[in-house]
Amino acid sequence: MNLEEAMKLRHSVRQYENKPLEAEIIAALQSEIAVCNQEGDLHIQLVTNEPKAFDGFMAHYGKFSGVTNYIAMIGKKDGLDEKCGYYGERLVLLAQQLGLNTCWVAMSYSKIKTAFVIDKGEKLCVVIALGYGSTQGIAHKSKPINEVIKTQEPMPEWFKNGVNAALLAPTAMNQQKFLLIRNGSEVLAKAGIGFYTKVDLGIVKYHFEIGAGKENFNWVS
């Protein structure tokens, strides 16, 4: 499947089957993680066959089960949240293309210090659970398009496509607290106020790029 199809098919999944990741799947994820780390100056790490992080009270309260694989989104603290959202969602959609299921996880897990490395000046931002889901999840409800945009009329097709892709993006508690502002071919993406909205913004921006086509616009800050 292409990225557009992956965006539409991917939904959050919290229950996973007892099935290990194949070597070729791990290799594909590790290869893309290396690229993301290089591009984003990050320290993302794939953790496999590690059941302790999702075996505590918070994980069970969050209805997680069978999670033994996850991606630890780690990097230097400055600007980390948005970068983790952007590159994390890049990995999420690759996982979907590889036949896996995923779930962004902010608090419902335990930090297992032996599972990954956090260097000086770095921190763990969030993790992404992944594996073979017991279900494929369900689609989240989305806000009307006019609630997340400010744009000149008429609205070009690329912008509309980008916003529709952004509305498919997973956000914390399905808040969708973001705003996309267009001025000609320039787009400003703003995070709202709330938990993990800067992580959400990175996810939203990656989705927008896929839908709109990076050749059609420029991000502004």
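**Loops and helix packing in a predicted model**

Colleague: Before the details, what kind of model is this?
Modeller: Local features are reported here where pLDDT is at least 70. As to its origin, the model is predicted.

Colleague: Is N69 buried or exposed?
Modeller: N69 sits in the loop between α3 (57-61) and β2 (70-76). Its relative accessible area is 3%, and the cut-off for burial is under 20%. N69 is therefore buried.

Colleague: Which residues does N69 touch, leaving aside those up to four places away in sequence?
Modeller: Along the chain, N69 and P51 are 18 residues apart, and their C-alpha atoms are separated by 7.6 Å. With the sequence neighbours left aside, the residues touched by N69 are L21, V47, T48, N49, I128, A129 and L130.

Colleague: Is N49 itself buried or exposed?
Modeller: N49 is found in the loop between β1 (45-47) and α3, and its phi is near 50°, a positive value in a residue other than glycine. Its relative accessibility is 56%, and the exposed class begins over 50%. N49 therefore counts as exposed.

Colleague: How does Y196 count by relative accessibility?
Modeller: Y196 lies in the loop between β7 (186-191) and α6. Its phi, near 60°, is positive in a residue other than glycine. Because its relative accessibility is 26%, and values between 20% and 50% form the middle class, Y196 counts as partly exposed.

Colleague: Which residues does S108 touch, again not counting those up to four places away in sequence?
Modeller: S108 is placed in the loop between β3 (101-105) and β4 (122-131). With a relative accessible area of 16%, S108 is buried. The residues it touches are F54, M58, A59 and F64.

Colleague: Where is the peptide bond from E153 to P154 placed, as judged by the position of P154?
Modeller: This peptide bond is cis, with omega near -5°. P154 has its place in the loop between β5 (149-150) and α5.

Colleague: How is α5 oriented relative to α6?
Modeller: The axes of α5 (residues 157-166) and α6 (residues 197-212) come within 7 Å and cross at roughly 140°. Angles over 145 degrees would count as roughly antiparallel, so α5 is oblique to α6.

Colleague: Which residues of α6 make the contact with α5?
Modeller: The crossing of α5 past α6 is right-handed. From α5, the contact is made by W158, F159, N161, G162, V163, A165 and A166. By class, the contact has eight nonpolar, four polar and no charged residues. From α6, the residues are V204, H207, F208, G211 and A212.

Colleague: How is α2 oriented relative to α4?
Modeller: Helices α2 (residues 23-40) and α4 (residues 80-97) pack with their axes 10 Å apart, at an angle of about 160°. Since angles over 145 degrees count as roughly antiparallel, α2 is, relative to α4, roughly antiparallel.

Colleague: How many charged residues does the contact of α2 with α4 have?
Modeller: α2 passes α4 in a right-handed crossing. Among the residues making the contact are E32 and E39 of α2 and K83 and R90 of α4. By class, the contact has nine nonpolar residues and one polar residue, and the number of charged residues is four.

Methods. Residues numbered from 1 in each chain as written. Predicted model: local features only at pLDDT ≥ 70, side-chain atom pairs only at ≥ 80, totals over all residues. Heavy atoms only, no water. Helix = DSSP H or I, 4+ residues; strand = E, 2+ residues; numbered from the N terminus. Buried < 20%, exposed > 50% of the residue type's maximum accessible area, 1.4 Å probe, protein only. Contact = heavy atoms within 4.5 Å. Axes fitted to C-alpha atoms, helices over the stretch in contact; angles between N-to-C directions. Parallel < 35°, antiparallel > 145°, perpendicular 65-115°, else oblique. Left-handed = near helix turned anticlockwise from the far one by under 90°. Nonpolar A, V, L, I, M, F, W, Y, C, P; charged D, E, K, R; others polar.
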